[in-house]
Amino acid sequence: MSDAVPEYPFRNPSALEPPPEWADLRDGCPVAPIRLASGDRALLLTRYEDVRRVLSDPRFTRQLDAGDAARVTANESGGVFGRSDTSTSAMSASGEAHLQWRRLVGRAFTAKRVLAMRPRMERMADQLVDAMVAQGPPADLVAGLGFPLPVWVICDLLGVPDSDRDRFSYWSDTMLSLTRYTQAEIDAAQAEFDAYLAAHVGAKRAEPGEDLLSELIGIVDAADGRLTEPLLVGTARGLLVAGHETTANMIGKMAAMLLADRSRWEALLAEPALVHPAVEEVLRFDANPGFGMPRYLTEEVEVGERKLPAGTTVICSMASANRDERAFGHAAEMDLRRSPNPHLAFGVGPHSCLGQALARTELQTVLEVLLRRLPGLELAVPAAELAPREGLLVGGLREVPVRW
C-alpha cells in the first residue's frame with residue numbers, strides 16, 4: 001500500500017452530510033485500504049451486500065485482541081473495541097458461547113418488557129420537555145432531552161435509583177469518549193462502575209425487583225454457571241455503553257434531520273402514523289453514525305471479488321451501506337414513507353444490536369412527545385452550523401439549538 005492510504009474515519013462536509021468518499025468508494029473501490037487513528041491499516045467495506053455478508057459471517061470475528069489485528073484507536077486499551085476480559089468474552093466471542101449468552105439474556109430482554117416500559121419513557125420525556133419549556137427557548141435538545149432520557153431508561157431497566165443517574169452518565173462518557181479523558185480516568189471510571197454494579201447485584205439478589213437485572217440474576221442463579229456473575233456485570237456495562245451514548249446522540253440527530261427540512265416535520269404533524277417509518281428512515285439516513293463495525297478475519301475469504309487473507313481487519317461502514325443505491329431506491333433522499341427499509345443501523349447476524357427494540361421505542365416515544373408538546377419546533381441555527389461531537393467512537397452533534 002502506498003502512503004496515499006486515506007485516514008479513517010473520513011470528515012463530513014457538514015454534520016448532516018455524508019463524506020463524499022462513501023459514494024466514490026462504493027462505485028470504484030468497495031474494499032478500500034484505510035489508515036486508522038492508531039496508524040494501523042485495515043480495509044473499509046462500503047457496499048450494502050458486502051457489509052451485510054461480513055456481519056453475518058462467523059469467520060469474521062470480534063476478537064480484535066489478536067496479535068495481528070489492527071488497533072482501532074490510538075488509546076492504550078483500544079477502547080470498547082479493544083477490551084476483552086472474562087466479563088465480556090461471551091459477548092464478543094463467536095460460536096456457541098455467544099449464542100448461549102444471547103439466548104439467556106434474550107429471555108429477559110424481551111419486546112414485551114420494552115413495550116411495558118413505554119409509558120414510563122413517555123413520562124420521562126414529558127418531564128424533560130417540561131423543564132425545557134419552563135426555561136424557555138432557545139434550548140439545546142441534546143442536553144435537555146437527548147442525553148438525560150436514555151440514561152434514565154437504562155437506570156430504570158437495571159433498577160438503579162434516580163439519585164445515581166448522573167454517575168451513570170459520567171461512566172458512559174468515559175467508556176466511549178476516547179480523547180476526552182486520560183487512560184487513568186477511563187480505567188478508574190470502569191473500575192468504579194464495575195464495583196457499583198457488583199454491589200448493586202448483591203442488593204438486587206437480596207431484594208429482587210421487577211427490573212431486567214433482577215431477572216438476569218435469577219437466570220444466573222438457575223443457569224448452572226452458563227451465565228456467570230462477571231458476565232452479568234459485563235452485560236449491564238454493555239447495556240449502558242450501547243444503550244446510552246448511541247441513543248442519546250441519535251435523538252439529537254433525528255430532530256436535526258427532521259427539522260433541517262421543515263416539510264418533514266410538517267408531514268409528521270399531519271400524519272402521526274408516519275412516526276414509525278420515519279424513525280427507520282432516520283436510522284438509515286444517518287450520515288454521522290461514528291466508526292462502524294470492525295471485524296477480524298480468521299481464514300481466507302472472498303469479499304467484493306477480492307480474496308482477503310486470514311489476519312485481515314475490515315471495518316464495516318453500515319452508514320455507507322445504508323446509502324447504497326444498489327439496495328435502496330433514491331438512496332440519497334430521505335423518504336419518510338420508505339418501506340421496506342432493511343437498513344443496517346443495528347447490524348445484522350449473530351452480533352446485531354440486542355437492544356434495538358429498546359432504541360427504536362425510545363426514538364419513537366421521543367418523536368411522538370415532541371410532536372405533541374412542541375409542534376412549532378424549529379432549529380434555532382442553520383443546519384449547516386450544527387457541529388459534530390469529536391473524539392467518540394459513536395457519532396453525534398455537540399448541540400441542537402431549537403425554539404418553538
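Reply: A139 has V402 as its bridge partner in β10. This pair belongs to the contact between β4 and strand β10 (residues 401-403), which run antiparallel and are joined by two bridges; two strands count as paired if DSSP finds at least two bridges between them. The model is predicted: local features need pLDDT of at least 70 and side-chain atom pairs pLDDT 80 or more, while totals for chains, interfaces and linings use all residues. Residues are numbered from 1 along each chain as its sequence is written, and side-chain values use heavy atoms, without hydrogens and water.

The open sheet has three strands in the order β4-β10-β9, with antiparallel pairing. β4 (139-140) and β9 (378-379) are at the edges with a single partner strand each, so one side of each has no neighbour in the sheet.

Around this, the protein has 16 helices and ten strands, taken as DSSP runs numbered from the N terminus (helices H or I, at least four residues; strands E, at least two). Of its 404 residues, 54% are buried, that is, under 20% relative accessible area with a 1.4 Å probe, protein chains only.

Beyond its neighbours within four places in sequence, F168 is in contact (heavy atoms within 4.5 Å) with residues including V151, F193 and L240.

Terms used
Buried means under 20% relative accessible area, exposed over 50%, partly exposed in between (1.4 Å probe, protein chains only).
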